[in-house]
Amino acid sequence: MRRSYFAVVVFLGLLAALHAWIGWQLLPALSTHTGVIVAGGLVLLLSVLLMPVALMAPYLKRQGLSETWSDRLAWAGMLAMGAFSSALLLTLLRALALAALPWLSLPAIEQHEMVASTAWLVLALTVAATVIGLLNARRTAAVVDVSVPIKDLPAPLEGFTIVQISDIHVGPTIKAPYLQAIVDKVNALQPDVVAITGDLVDGSVRQLAAHTAPLAQLRARHGAYFVTGNHEYYSNAHEWIAEVRRLGLTVLMNEHVVLRHEGAGLVLAGVTDYTAHQFDPAHRSDPHAAIANAPDEGPRILLAHQPRTATLAAQAGFDLQLSGHTHGGQFFPWNFFVPLQQPYVAGLKRLESLWVYVSRGTGYWGPPKRLLAPSEITRLRLTVR
């Protein structure tokens, strides 16, 4: 317990220090007026307070805070988190650029003007990144078409379509209308299969059941399938597995189904999240178990939330793995950090004889912000290799 408190104190101290550094770098350059500097300092202080409060919003809701106020705090804190991320990066780049000024031998007045103009540029770009990122995140995801060549694909399966949605994160800032728009767009594609590759929710069934209800409207020729992501385990995966089944979806937990499509067979398997065993040892992810006793005919397709399942999927003999988890980085520069944990960030990749497709996600997590990593509803078509 003491370690937890210590970690929280360190986190809050670091957060406050970074905000103070941004203020020290920017506020004197933006204005010499005391009132402006004080106002800027108060904005930064508000950001420091809102960000941890946003993370605590679900806890505050459980303690009796109304859903309306809990969601408002989450919205404010997550917007602040997104803005802070951009402001910190841009302020760092500005500091590095200004450090090079002495080497340029510019007159003092020009250096002073550059100090002021770059501070205003950081402010403008932070606002622009926050607004554009918000608009990108809140729009309904676009459809991305992907063709996957499968060796020895049976002729009846040529053009077989799987529509994948992933990482929607229904929670404080994503509610039923957002999910309803996704469901409507998926149904309009008339897919053969719908695959939901985890991280559907951030919150309990009690809090969010009304907001995940649109999933019951999903329509596909051979049904809709779901596998757990790590966020389901943060939100009581056992309850969510039961709820998703109640909505009419098939949950694949280290198991498979055999689909018959115009006389041809296709094996569709799913595994629990890569880290599921940390929450329930009985849920350990196992691609080999998922394909056990499957027929040899037709392609073998695996739904696995995290791309790093791919090594075991290749060993188990799958032809295609559909994953999410990464969000494609969600917004710059986090895309550069994803490879520290995952082998693939986004798109169609090859591992030995296995194709791996990683969705950038259909919703977003945390800050309502997407930059250079657009959300997607993925329509995958199987084609003859």
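Is H327 buried or exposed, and what is its relative accessible area? Select H327 to begin: the residue is buried, with a relative accessible area of 6%, where buried means under 20% relative accessible area, exposed means over 50%, and partly exposed is in between, using a 1.4 Å probe and protein chains only. This is a predicted model, in which local features need pLDDT of at least 70 and side-chain atom pairs count only at pLDDT 80 or more, while totals for chains, interfaces and linings use all residues. Residues are numbered from 1 along each chain as its sequence is written, and side-chain values use heavy atoms, with hydrogens and water left out.

**Two loops**

Stay with H327, which is found in the loop between β9 and β10 and has a positive phi, near 60 degrees, although H327 is a residue other than glycine. Helices (H or I, at least four residues) and strands (E, at least two) are DSSP runs, numbered from the N terminus. In the loop between β9 (320-323) and β10 (347-351), select P333, and look at the peptide bond that joins F332 to P333, which is cis, with omega near 10 degrees.

Next, select N293, in the loop between α10 (287-291) and β8 (300-303). The phi of N293 is also positive, near 65 degrees, in a residue other than glycine, but N293 counts as exposed, at 80% relative accessibility.

**Along helix α2**

Now select residues 34-62, which form helix α2, with 29 residues and a reach of 42 Å from the first C-alpha to the last, close to the 42 Å expected at 1.5 Å a residue; the expected span is 1.5 Å times one less than the number of residues. Move along to M56, where α2 bends by about 55 degrees, with a proline, P58, following within four residues; the bend is the angle between axes fitted to the seven residues ending at a position and the seven starting there. Among the buried residues of α2 are G40, L44, S47 and V48. After the helix comes G64, whose phi is positive, near 115 degrees.

**Pockets and a cavity**

On a 1 Å grid over the protein atoms alone, a cavity is a set of points where a 1.4 Å probe fits but cannot get out, and a pocket is an open set with protein on both sides within 12 Å along at least five of seven lines; lining residues have an atom within 4 Å of a point. Grid points are joined across faces, edges and corners, and a volume is the space filled by probe spheres set on the points.

For the second largest pocket, with a volume of about 590 Å³, return to α2, which gives the most to the lining, with eight residues. Among the 25 lining residues, G40, V43, L44, L123 and T126 lie nearest the centre.

Finally, the structure holds one cavity of 30 Å³ or more, and about 60 Å³ of space lies in this largest cavity. Select its lining, which includes P58, K61, S70 and D71; the elements that give two or more residues to this lining are α2, α3 and α7.
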